[in-house]
Amino acid sequence: MAETPLTWDDEYDFIVVGSGAAGMSGAVVSAASGLKTLIIEKTDQFGGTTALSGGVIWIPDNPSMKRGGIDDSEADALQYLQQVVGADVPDAKLRAYIREGKAMLAFMEKHADLRFDAALQYSDYYPDVAGAKPGGRSMEPAPISRRSIGRHAEEQRFPDFLRDGVMRFAITVKESRAVMDLTLKGKLYMLRNILRYYLDIPARLRGPIDNRQTLGRALVVRLRRALLRHKVPFWLNTSAKQLVCEGDRITGLEVIDPQGRTKRLKARRGVLMASGGMGQNVALRQRFGQLPTGETFSSDAPGNVGDAIALGQEVGADLAFMDCAWWTPSVKFPDGSVLALISGKAMPGSVFIDSSGKRFCNEAAPYEDLIKTLWQNHANGIDSVPSHMVFDARARHNYMMGPVPPGKVQGDARLPSDWFESGFLCKADTLEELASQMQVPADSFRAAIERHNSFARKGEDPDYQRGQSAIDRYYGDQSVKPNPSLAPIVEAPFYALKVYPGDLGTKGGLKTDDTGRVLNTRGDAIPGLYASGNCSGAVMGNSYPGAGSTIGPAMTFAYIAARHAAQQDAATKENRDV
């Protein structure tokens, strides 16, 4: 007896779940390839974690770096990734990423007006490994105005610190590099951006958000504009309920619409899961060996609780790298919001101190490595959650120390009072008094600072080799000699900022092959089901080769998946309904 055919509320060729860089890229590629496409987002805002990020992508052998005078090749990139990523990720997947990353860039520039410029001074995170490059593989999106997407600008996700007006005007990676170097060009960038911000009177009357979008905000605005141009339906407040399976193939998706109704949507060519990681799901992360203290300090977007993992497992999907995350030091504001600490941690005149009052790491190292060291320190019995970033008055005056603006721009009296009252930021005239506020042993703390100071005066750090690597020096002060990452901590008052083991998202999720197809527990591809971004097992494995190692693969494998779906034959397209 023949089975009763399924009934559908609507039909599409390709359905995308999630609206970060992976999801919107996949939808753009699908639509530009001629497929009837739908994208859904379970929250009321688009952009996902990408909108909260620096928006940088890591793409080897790209044209922009070559125009800037840095040579690269697929062979160099593969050699580098094989050593940094290791054997846990198949060569076929690494090769696909390296090869198709360039194709993705060209496709998105043509069909989405999405251009990236290489950061020529931004070194790979392991510059001494064979195949590494001193810069250029990390790329940033070109700025764009929010006005380019009209009323949809009100649906864009923003970090809390932008909505609160803490960082008022937008800045690019290139501009921030010049600003950190304290050059005349950097000062002119600052002046230009400040004037642009305050002279935009209509925007200032509406609120603190800068109409000029940079970093991850520029990326998601450009992608949203491309989806509008390609007339792709975009459903907010719509969650994925269940994958629809006919035989061994995924043929559609059940969703819950904004009115709470269940709709069954056909997906003739496939479903792309791009719904983000599980950064905000403490229970799930602990099940896979993360978060020993039972608390998350993730910069992952709200709502990223591992939906794709549950839906995929229901249809037999395998998982990969579930114990891994894109770790980074983070600060937790008095209101509970979290901000990743990327650059300020490397400024000279600062160190990280644990509960024993001692220094325990190379603070300027790649942020994932730093937190892996912190967790190991914690596992060894030394409470490291939180730790403190300690700095002196000179560093406070000259540099942006995480969320704390340079004192020459915003003095202590103009900082939020609850920063000091809550202990988020400690301040003292002596190291002993600061140790008391930090609740660490004063003797060991003073000894740690004096030991660091002796190293800083020589420009060498025999304990942790801070400033030895090119990536250490990138975020330092190039005017400080002989080591731009080291300076003594000697000028009162002294400060301590609480630092937590945060992350930019998680790496574990649905296991995929080199075409972006989800694999089942037998190692076979599940027809019609694709995944990309942080809901899929990371192509970078338990490593972080360079800035943009999250979004670069997310966009590339979304491109690969959508192109693969578009190339399926007509019989597949109709799912053999006749």
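Start by selecting β1 and strand β2 (residues 37-40): four bridges join them, and the two run parallel. Strands here are DSSP E runs of at least two residues, helices are H or I runs of at least four, and both are numbered from the N terminus. Two strands count as paired if DSSP finds at least two bridges between them. Zoom in on F14, which stands opposite T37 in β2. Now follow the chain from β1 through helix α1 (residues 21-32) to β2; this β-α-β crossover is right-handed. To check the hand, point the strands away from you: right-handed means that the path from the first strand over the helix to the second runs clockwise.

A note on the model. It is predicted, with local features needing pLDDT of at least 70 and side-chain atom pairs pLDDT 80 or more, while totals for chains, interfaces and linings use all residues. Residues are numbered from 1 along each chain as its sequence is written, and side-chain values use heavy atoms, without hydrogens and water.

Stay on β1 (residues 10-17). Six of its eight residues are buried. Buried is under 20% relative accessible area, exposed is over 50%, and partly exposed lies in between (1.4 Å probe, protein chains only).

Next, select the open three-stranded sheet, ordered β3-β5-β4 with antiparallel pairing. Its edge strands are β3 (57-58) and β4 (116-118), each pairing on one side only. Three bridges join β4 to β5 (residues 138-141).

Move to helix α9 (residues 215-229). Of its 15 residues, 13 are buried, so the rest of the structure largely encloses α9. At 1.5 Å a residue α9 should span 21 Å, and its end C-alpha atoms are 22 Å apart, which agrees. The expected span is 1.5 Å times one less than the number of residues. After α9 comes K231, with a positive phi near 55°.

Finish with backbone exceptions. Most residues other than glycine have a negative phi, and most peptide bonds are trans.

- L291: phi is positive, about 60°. Find L291 in the loop between α10 (282-287) and α11 (307-314). L291 is buried, at 1% relative accessible area.
- Q439: phi is positive, about 65°. Q439 is exposed, at 71%.
- V385 to P386: this peptide bond is cis, omega near 0°. P386 sits in the loop between α12 (367-379) and β16 (387-391).
- K481 to P482: this bond is cis, omega near 0°.
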